[in-house]
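Have the sequence and the 3D view ready.

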Amino acid sequence: AANFIRMGHSVGFSLFEKSKFYGKKYYCQQVSKEQNTFIPFLDMIESRREQAARSILVQVQSEQSYKQLFTYCESIGKVKNMFHYSEGPEPLHFIIVEFASDVDIKNVFAASTHIQENQSIPATSHFLWFRAASKKLGRLKQDKNARLSAEHATQLISETDLCRELAQCETVSNQIDKLYDLTRLNEVGQRLRFLTAKQVESTVSGLFPNICAYPFGSSVNGFGKMSCDLDLVVRLTQDKENDNSRLIYHCKAASGTERSTAQRNMETIGDLIHLFLPGCSQVRRILQARVPIIKYHQQFTNVECDLSMSNMSGVYMSDFLYLMGEIDPRVRPLLFTIRKWAKEVFLTNHSPGKWITNFSLTLLALAFLQKPLRSPAVLPTLNQLVKSAGPYDNYVTEDGINGTFLRDIKKLHFERQNTSSLHSLLFEFFEYYAQFDFMNKAICLNEAVAIAKPEYSPLYIVNPLEKGLNVSKNVSMEELERFKIEIRNAAWILESQESNVGDKGLLSIFETKNNLKQKLNLSFSPKHNRLLEVNALFDEDEEKKIEFKNVAVEKEVAK
Ligand code: CTP
Ligand code: MG
């Protein structure tokens, strides 16, 4: 594909609904598309990138400053949308201003200036501040048409409020939906991530005018929560430029191996971010990893970034995960619950290590949803998508990773016969992996059956796009054991829950860590006591683990 991203559909604008939430202002995002409009991943990405290119992020004095800012911006171009958010304990206030056209944004940059100070580096980016009015600058009339589409839009829901909201749901399935609605990345969160990517592009574009910084991972695949990190892959050139040209740019030859050149380039990008990009701090270079990355924090958008310059396989993978989430509306709420549960019982951890990652958990859950178990499968396998691929779905990276699969789900021939509730799907997920033969089998999303492990690794999840790789190679035996124990625990707790939320419902699986805390304090209820004993029993005896569903154990616990 000469141009990696195809132009096409545009993303419909989200509507923000103001509602009262326990006395605080709370803004929830409604569906970002007209009903039944499916937007292919790459079109969505292109549309968001183009939207970020027409937007600026402006630091202002208070949430009220938007009125003056609107008047000022309207004197330069047409304002299409404004969103307010604030960050920090002594909040700094910001407004995203989206302009209607490319010409407007060009005029905005032409009308903006640098403060002439010896110490400041005159970087130009989409991040600006709106200086206070003075006698010299004059006061501005406040335009009646000034309107914010959202206020305090990045405010996270507190754990207490979240629990209270979940406790008020009628069924476990409702709780799963609610958790998703209250914690997923909203419209402003998405815009901020694309603006963060834009900042890198605009800094380096002088040297490399074709540079593209593509967001991938949970920021864009539909499985991200409000505070999720931004994974970015930076490409200095498009895959193929004009093949027929007789005039070829002179370029420096790379010195050293491909890997050492890549590391050196990354180091330079790290320096640029550290020295020249306003708002970027805590730059860390992790260059020895299989995929070298630069980590940094963008304080204006409050986004943690992982920047790489490797191939596009992460983007194709995100496309695949996005597609799976679009095919069935139960997928994302279910995944949010599984990720939340794993976090609460300490199976996942923010820093990388020997534990399971959110990405591996996502693949585990999707593989489960592809299996026709008690009822028909919820999702198709990757092979089914590959078979249905059309000529426009052909994508291969320069190092041969094949990202060819059907993109347009309207063309998908897949019988959607599964009608299980979210509650049953969650329980069946726990139950399926509670009994899974991790010792001998690998999890595979390319086909509907688990396959024999190609090599020894405690947990083996075949990378669907690079079948020779194990996505969960990092997971140690101890961590897999902990995973198995927690998954049995969760299945056991969930099975004892009615579908109506009598006794906390979903909240009870999130409380497992408290049970463990209680175990340490030796103060726990008889029911939890028995539960812990059952766990201890699992720890001791492998066979007992397999007998998890054994009625005798259940009866004993019930006593
Ligand atoms: N990825 C991959 N192979 C891996 C690890 C990651 O292809 N072995 C890609 C996936 O597309 C993944 C993305 O890199 O979604 C980012 O990885 P990571 O940040 O670990 O996961 P996220 O899905 O972004 O989840 P989180 O919210 O925890 O960041
Ligand atoms: Mg991520």
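Predicted model: local features only at pLDDT ≥ 70, side-chain atom pairs only at ≥ 80, totals over all residues.

Residues are numbered from 1 along each chain as its sequence is written, chains are lettered from A and ligands numbered from 1 in the order written, and side-chain values use heavy atoms, leaving out hydrogens and water.

Start with ligand 1. The residues around it (a heavy atom within 4 Å) include F216, N221, R339 and F359. By class, this shell has three nonpolar, six polar and two charged residues. Helix α8 (313–327) is one of the elements giving two or more residues to the shell, and α8 gives the most, with three.

| Residue | Part of residue | Distance to an oxygen atom of ligand 1 |
|---|---|---|
| S218 | side chain | 2.8 Å |
| D231 | side chain | 3.0 Å |
| G314 | backbone | 3.3 Å |

On its own, ligand 1 has 570 Å² of accessible area (Shrake-Rupley method, 1.4 Å probe), and the protein covers 74% of that.

Now for the helices. α5 (residues 172–183) and α12 (residues 422–434) pack at about 85°, with axes 7 Å apart. That angle makes α5 roughly perpendicular to α12 (65 to 115 degrees counts as such). Among the residues in contact (heavy atoms within 4.5 Å) are I176 of α5 and L426 of α12.

Methods
Polar contact = N/O pair within 3.5 Å; in protein donor to acceptor, adjacent residues only side chain to side chain. Helix = DSSP H or I, 4+ residues; strand = E, 2+ residues; numbered from the N terminus. Nonpolar A, V, L, I, M, F, W, Y, C, P; charged D, E, K, R; others polar. Axes fitted to C-alpha atoms, helices over the stretch in contact; angles between N-to-C directions. Parallel < 35°, antiparallel > 145°, perpendicular 65-115°, else oblique.
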